[in-house]
Amino acid sequence: MSAGHHHDDDLAVRVEALEALLVEKGLVDSGVVDEIIRHYEQDVGPMNGARVVARAWVDPAYKARLLADGTAAVAELGYAGREGAHVRVVENEPGVHNVVVCSLCSCYPWSLLGLPPGWYKSPAYRSRVVHEPRAVLAEVGLDLPASVEIRVWDSSAEVRYLVLPERPRDTDGLSEAELARLVSRDAMIGVAQAGNPDAQRG
Amino acid sequence: MADNLDLDGLAALPRRNGELVFAEPWESRVFGLTMALHEAGAFSWEEFRSRLIDEIRREAEDSEGQGYWRAWRCAFESLLHAKGICASGELDGRTRTLAARPPGHDHG
């Protein structure tokens with residue numbers, strides 16, 4: 001591309017030029033762009049996915065629907081993705097732990113988790129979690145016994161994965177809303193467990 | 001080793017969603033432009049994604065994940081050029097024009 005390497009100041013001007021041209025061509029409206037940015041910065045985030053997980057913990061019929069057809073089940077709660085990808089939910093169970101990556105770029109269940117954190121997009125995570133998931137999880141504080149099978153799910157344009165963490169013990173008396181607060185973004189990516197107050201980094 | 005994952009880096013700063021999504025305004029603009037054109041039907045997501053994968057691979061060779069939005073921008077420009085929506089030369093020209101504005105110009 002002619003647009004090779006630029007400093008960030010130059011990039012700001014270049015993107016300004018790009019927007020001006022697209023607006024002049026009648027292809028985009030800057031107000032629409034503002035609204036899209038606001039939506040992704042403020043409306044979508046891990047609280048959406050946490051609500052899905054908590055519902056699955058308290059409602060076995062919902063959980064069954066969620067595992068059978070994630071796209072339809074999250075849409076029941078109003079979380080249809082704008083980008084049109086399918087959502088597949090993978091369940092952690094005793095002896096099985098799931099972790100999600102997009103090894104090629106940054107595919108991620110935006111409608112449920114918001115836009116991905118920086119580390120999810122980093123070359124280190126994308127390549128290493130595929131080849132040595134146990135080591136990567138241990139480095140971020142999730143030490144899994146050797147007896148636990150780790151399944152790595154590589155996202156694509158068509159399918160975006162969400163981990164359904166195990167419900168923490170001794171939470172029988174909690175409401176659905178209280179349960180949702182135990183579910184971190186990292187638990188739904190699979191680099192943490194639910195219910196650990198230290199799990200949500202940042 | 002955990003530093004490789006940048007868990008405590010800039011991208012982990014808290015925000016309303018628990019995440020600072022964009023570090024620079026141009027990153028959010030290029031993201032919003034991409035989504036707006038995609039939602040308007042100008043291209044399929046896979047058309048964009050295949051270019052993003054290529055650009056991310058290229059960025060990864062000379063940086064450690066700092067170049068994600070730079071890669072996104074390159075992929076978007078490349079797609080617009082290929083689809084005949086906005087030629088690279090046209091964009092180069094407008095960028096030069098804007099860059100030549102005197103300091104303190106009105107952004108409006």
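**Helix packing and core**

Analyst: H3(A) passes H4(A) in a left-handed crossing. Keep in mind that this is a predicted model.

User: Which residues make the contact between H3(A) and H4(A)?
Analyst: On H3(A), A:Val52, A:Arg55 and A:Ala56. On H4(A), A:Tyr62, A:Lys63 and A:Leu66.

User: At what angle do the axes of those two cross?
Analyst: Roughly 125°. The axes of helix H3 (residues 46–58) and helix H4 (residues 60–68) of chain A come within 5 Å. H3(A) is therefore oblique to H4(A).

User: On to the largest nonpolar core. Which residues touch the most other members?
Analyst: A:Val53, A:Val183 and B:Trp72, out of 78 residues in that core.

User: Where does the largest share of this core come from?
Analyst: Helix H3 of chain B, residues 68–82. That helix supplies nine residues. In chain A, domain 1 (8–42) and domain 2 (45–189) each give at least three.

User: What does B:Trp72 touch, leaving out residues up to four places away in sequence?
Analyst: B:Val30, B:Phe31 and B:Leu52.

User: Now chain B overall. How many helices and strands?
Analyst: Four helices, zero strands. From the N terminus on, the order is α-α-α-α.

User: And how much of chain B is buried?
Analyst: Buried residues are 42% of its 108 residues.

User: What about contacts in chain B between residues 24 or more positions apart?
Analyst: They account for 43% of the chain B contacts with a separation of 6 or more.

Methods. Residues numbered from 1 in each chain as written. Chains lettered and ligands numbered in written order. Predicted model: local features only at pLDDT ≥ 70, side-chain atom pairs only at ≥ 80, totals over all residues. Core = buried A, V, L, I, M, F, W, Y, C linked by C-beta atoms within 7 Å. Buried ≥ 20, exposed ≤ 12 C-beta atoms within 10 Å, placed from the backbone. Domains from an automatic or database assignment. Contact = placed C-beta atoms within 7 Å. Axes fitted to C-alpha atoms, helices over the stretch in contact; angles between N-to-C directions. Parallel < 35°, antiparallel > 145°, perpendicular 65-115°, else oblique. Left-handed = near helix turned anticlockwise from the far one by under 90°.
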